[in-house]
Amino acid sequence: MSLRAAAAWACATPLQIVAGYAASGLLFRLRTEELATAAERLRWLRWTAARLACCGAALALRDTPAARAVVLVVGVLATYSHNARGRSPTARRAAPGTVALVTGATAGIGLATAVALCRRGVDVVVPGRSPERAAAAAARINAAARGPGRARALPRVGLELDDRASVRGYAAAAAAAAPDLALLVLNAGVMRPAYGVVVGGAEATVASNHLGHFLLAELLGPTLAANAARGRDCRVVVVSSSLHRVAARALDALPDAAARRAAVTDLRGDARAYGLFPRYALSKLMNVLHARALARRRPAVAAIAVHPGCVYTDVTRSLPWPVRAAHALAVPCWLLFQKLPPHGAHATVHAALAPELAAAENTGRSPYVADCRAEAPGLPRDADALADALWGASAAHAGAG
Ligand SMILES: NC(=O)c1ccc[n+]([C@@H]2O[C@H](COP(=O)([O-])OP(=O)(O)OC[C@H]3O[C@@H](n4cnc5c(N)ncnc54)[C@H](OP(=O)(O)O)[C@@H]3O)[C@@H](O)[C@H]2O)c1
C-alpha cells in the first residue's frame, strides 16, 4: 500500500465511523430514548448535521490534505467533547463537612464519583461486598483524589445489596458511624445474563439494582431527614439509565392500569420470559420511580435520578463472552463515543452538588439529570400511581425478612 493510499484509508475510516455514528446516534436517541422536547430534538439534529457536514467537507477536500486533516481533527474532537467527555459539573465545592455514602464505589462510575466528591471536599463512606474490598477501594480513592475530602470504609461490615440482612447490618453501622450523612448515592448496579432468585424470593437484578437501595434509603432516611431539619442540604441521588424509557414504553403497551401495576410490582418476574435488557431496563425504571416517590414522601431531602451516559466500565462483566469480546475489540471506537468513568461521574456529581437541585427549590418533585442537564424522564402512564404501588411492594419485601 502506497503512503498516499495509507493516508487516504486512515482518513476515510474515522470519517466513516463518525458519519455512521452520527446518523445511528440520532436514530438511537429518537427511537430508543424518545427525545422528549422539541429543544432536545433540535439539539441532536444540530449535532448530527454538524458531524455529517464535517465528514462531507473532509471528503470534498480530498485534494487538499492539510485542510482535510484539519476538518477531520475538528470533527473527531467535537465528537469526543460531546459524546465522550460530555458536560462538566458546575459546582466546584461542597459545604464543609458534607458526608456522603456511595454504593458501588469499588469500581466504575461509583469509584470515579467518590474520587470526584473527595476532590470537592466531601467525606465519603465507601461500602463493599466485604470490609476488605471496601478498605481497598477507600485507599484507592484517597490515593487518586488526594483530598481535601477523605474516603473511609466501615470496619467489619460488608454490603451485599441483594441480601436484606446485609443491608440492615450495614445501614445500622453507617447510621452510627456517619450521623452527619447528607448525601446518599445509590449507584451500584448489575446486568445479569440469567434469571436468578435471591433469599426472600425477588429476582436478582431487581434485588441488587432497586430493592437493596430501597431498603438502604429507608434505613438511612431518618438520618438524612434529621440533618435536613438542621438546615443541611440533604440529597438522595439514584443512578438510573436512559434505558428506563424502554421499560416505560413496554408498560404503556400493556392493556390497562391493572396490568401495568402488576408488571411493576412483580418483583420475582417470570423465569421463562426473562431477558437481560428488559429486566435491567425495568430495574432502571424502578430507580426513577423510587426517586419520584422519595421526593413526594420526604420533600426536605432532594431525590434526583441520573443517567450517567454511555460509560466504558466493567458493567458487562457477567455477559456472555462473545459480547465481552466484541466490547473489548471495539475499544478504539468506544474511547471516542463512550465516556470514561470520570466523565460518567459528572452527572452524579452535578446531581449531588448543583445548588439549583437542592430540596428547597424542588419540593415534592424529582429531577432527572442526564449529561449535567435536567431532562424530562420517560415515564409510563399513571407514573405516580405506579411509583406508589412499587413503594408498597418494595416495603412489603423489605419488611418480610
Ligand atoms: N456503564 C454504563 O454505560 C451505564 C449506563 C447507564 C447506567 N449505568 C448505571 O451506573 C451504575 C454504575 O455502573 P458501572 O458501569 O460503574 O458498573 P460497574 O463498573 O460494574 O460497577 C458496579 C458497582 O456496583 C457494585 N455492585 C453490583 N451489585 C452489587 C450488589 N448486589 N451488592 C453490592 N455491590 C454491588 C459492584 O461491586 P463489585 O465490584 O463487588 O461487583 C461495583 O462496585 C449502575 O447502576 C448502572 O446501571 C451505567
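## Helix H7 and what follows

Just after H7, Gly231 adopts a positive phi of about 95°. This is a predicted model, in which local features need pLDDT of at least 70, side-chain atom pairs count only at pLDDT 80 or more, and totals for chains, interfaces and linings use all residues. Residues are numbered from 1 along each chain as its sequence is written.

H7 itself spans residues 204-229 and has 26 residues, helices being DSSP runs of H or I with at least four residues and strands runs of E with at least two, numbered from the N terminus. From its first C-alpha to its last H7 reaches 36 Å, close to the 38 Å expected at 1.5 Å a residue, where the expected span is 1.5 Å times one less than the number of residues. A kink of about 45° lies at Leu220, shortly before the proline Pro222; the bend is the angle between axes fitted to the seven residues ending at a residue and the seven starting there.

Ala359 sits in the loop between helix H14 (346-353) and strand S7 (368-370). Ala359 counts as buried because 21 other C-beta atoms lie within 10 Å, the cut-offs being 20 or more for buried, 12 or fewer for exposed and partly exposed in between, with C-beta atoms placed from the backbone.

Beyond its neighbours within four places in sequence, Ala359 is in contact with residues including Ala228, Cys234 and Val301, contact requiring C-beta atoms, placed from the backbone, within 7 Å. Ala359 and Val301 are 58 residues apart in sequence, yet 5.5 Å apart in space, C-alpha to C-alpha.

Methods
Two residues are in contact if their C-beta atoms, placed from the backbone, lie within 7 Å.
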